[in-house]
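Please look over the structure below before reading the briefing that follows, which goes through a few helices and aromatic rings.

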There are 2 protein chains.
Amino acid sequence: MTFELTILGTSAAVPYHDRWLAGQVLNVQNKLILFDCGEGTQFRIKALKIKKSKIDIICISHLHGDHIFGLFGLLTSMAMEGRKHPLSIFAPKGLEDIVDITFKNSAYISPFPIEFTEVDTENAAPVFEDKTLIINAFPLSHRIPATGYCVREKPFPANIIPEKIQEFDIPFDKINAIKNGENYLTTEGVLIPNSELTYPPLKPRSYAYCSDTAYDERIVPHITGVDLLYHESTFMHEMAAHAALTGHSTAKQAGQIAHLAQVGQLILGHYSSRYDNLDWLLNEAKIEFKNTVLGIDGNTYSVDLQRFNA
Amino acid sequence: MTFELTILGTSAAVPYHDRWLAGQVLNVQNKLILFDCGEGTQFRIKALKIKKSKIDIICISHLHGDHIFGLFGLLTSMAMEGRKHPLSIFAPKGLEDIVDITFKNSAYISPFPIEFTEVDTENAAPVFEDKTLIINAFPLSHRIPATGYCVREKPFPANIIPEKIQEFDIPFDKINAIKNGENYLTTEGVLIPNSELTYPPLKPRSYAYCSDTAYDERIVPHITGVDLLYHESTFMHEMAAHAALTGHSTAKQAGQIAHLAQVGQLILGHYSSRYDNLDWLLNEAKIEFKNTVLGIDGNTYSVDLQRFNA
């Protein structure tokens, strides 16, 4: 029951030494979601041995080149590998036009369906839901329309305590009802409360992707309590004015948002190429929010399954 | 007086292990010309320490993704580095539309002029000329309109033999005329033929880029006698039918074209990912044309300056 984020690239605007461009893969119970797709994303996916064929959803934050120029190559590489099953792409208005004209001019027709969904960059809204998870989009504050994404697992069914089946002689056809929260009436007419029959439920896990954005507290309600928050931290706070001007955040501001949203862990990223030593950014954010880590190219950040306290 | 080709990538369609996508930089007397621009070209240019700012011309062969998907990132990276001077891009119809819509949707305006020239893919024609070189485009045979390019240095002015200036007491204002081929009349009325006053002239060097294309002898007159010929060799000849079907060449066919065109050296490339051992392709081509070498990612192929025989 995996829930882990792999960071493909952490560089802002241009690749910098070992820092590649924007791209992250979230593995939720073996379902892969790609966030952004900077140039070279297909190389990174290959190098990190991530299965392209398992990516069924791509969430694009905005249409700046460092977040989308790898998309064309990724889509054609997926086709080369024989993909036939559909791919969903969520993005602000315009991406479908870009992909359409690019493919049209190379006389390229995708052998698998690509379903574009235009994300409303003015209002928060759910954009995807299946049995396992729900994805919400919410506005970010950038120079062009931009959207953040929050992925939350759906509630897990309760696990029945195996010994209780024997103890109360529970028939097979009652098991599902108990898993879904019902109490159990024994053949002797004794009512056993559900909480005595099941383990405390597993906690659904969650991840929020906020890149690129200026400091904006309006983000907070959309990401409150997530286990993992990726929030861009392009600059040190001494460059706060420049950050605001360019629609970016400082490491301190990323920490402030994490603190306000009471998240589990903050992951930094989208670093300006002016910073060789990222510890400066880390230390600055940590003053605002202790459980901060650096996003590092190729690193994976997991959330373990835990049960709610009984 | 450099004339050297650096190969950025040799893989067809998708990146393969250490083989990157299409891209080559020709350095002609310190003027850089980029041929094709597959995804990752900006990374390769950086890794190979090629100066982006010196690339003033980009020649695109056709609009298949593996030859153009790196262009957007290269153009924006050039801008990030402060480029202000113009860039010329030669390409078949459609590329300007793709770049325009991509930049428009990211609200991106290039801070340096990008001058697109639509290349006629039906008829050969010169596309560029300056003091140093001339570039001709000529049709290739591919699945979509495609063009090859041939770069030839212009004739060099002759070099005067220094001792002759003294010997015949040649005044300074006659030097240029002699360099341009004139004879010299001494004050005693003796006519000294130009060939006695100058070294044999330097040979202009030349390079032709043929990718992607099926075997097509109509290419030959446009590349005859070039010092370096890059001709794609996607497949072994046992796959000749598949090569023809997909608009590609076999290594044997690349060798045949090199032989017919009496070139100096043939460089192979654009290898299918089915070939781990490229020596098979090399050996096949060498049977047709002895002076064949493998194009290898990151390698440089030079042409030395030589004089015509006296």
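Is B:Tyr209 buried or exposed? B:Tyr209 is buried, because its relative accessible area is 1%, where buried means under 20% relative accessible area, exposed over 50% and partly exposed in between, with a 1.4 Å probe and protein chains only. This is a predicted model, in which local features need pLDDT of at least 70 and side-chain atom pairs count only at pLDDT 80 or more, while totals for chains, interfaces and linings use all residues. Residues are numbered from 1 along each chain as its sequence is written, chains are lettered from A and ligands numbered from 1 in the order in which they are written, and side-chain values use heavy atoms, with hydrogens and water left out.

**Aromatic pairs**

- Over all chains, 17 aromatic pairs are found in the whole structure; rings of Phe, Tyr and Trp (its six-membered ring) pair if their centres lie within 6.5 Å, and planes under 30 degrees apart count as stacked, over 60 as edge-to-face and the rest as tilted.
- A:Tyr209 and A:Tyr230 form a stacked pair, with 5.3 Å from centre to centre and 15 degrees between the planes.
- Because A:Tyr209 lies in strand E12 (residues 206-210) of chain A and A:Tyr230 in strand E13 (residues 228-231) of chain A, the pair ties together parts that are 21 residues apart in sequence; helices (H or I, at least four residues) and strands (E, at least two) are DSSP runs, numbered from the N terminus.
- A:Tyr209 counts as buried at 1% relative accessibility, and A:Tyr230 counts as buried at 3%.
- In chain B, B:Tyr209 and B:Tyr230 form a stacked aromatic pair, at 5.3 Å centre to centre and with 15 degrees between the planes.
- One aromatic cluster is formed by A:Phe35, A:Tyr149, A:Tyr207, A:Tyr209 and A:Tyr230.

**Helix H3 in chain B**

- Helix H3 (residues 71-80) of chain B is mostly covered, with nine of its 10 residues buried, including B:Leu71, B:Phe72 and B:Met78.
- After H3(B) comes B:Gly82, whose phi is positive, near 90 degrees.

**Helix packing in chain A**

- Helix H3 (residues 71-80) of chain A packs against helix H4 (residues 95-105) of chain A at an angle of about 60 degrees, with their axes 11 Å apart; the axes are lines fitted to C-alpha atoms, for helices over the stretch in contact, and angles run from 0 to 180 degrees between N-to-C directions.
- Where H3(A) and H4(A) meet, A:Leu71, A:Phe72, A:Leu75 and A:Thr76 in H3(A) are in contact with A:Leu95, A:Ile98, A:Val99, A:Thr102 and A:Phe103 in H4(A), contact meaning heavy atoms within 4.5 Å.
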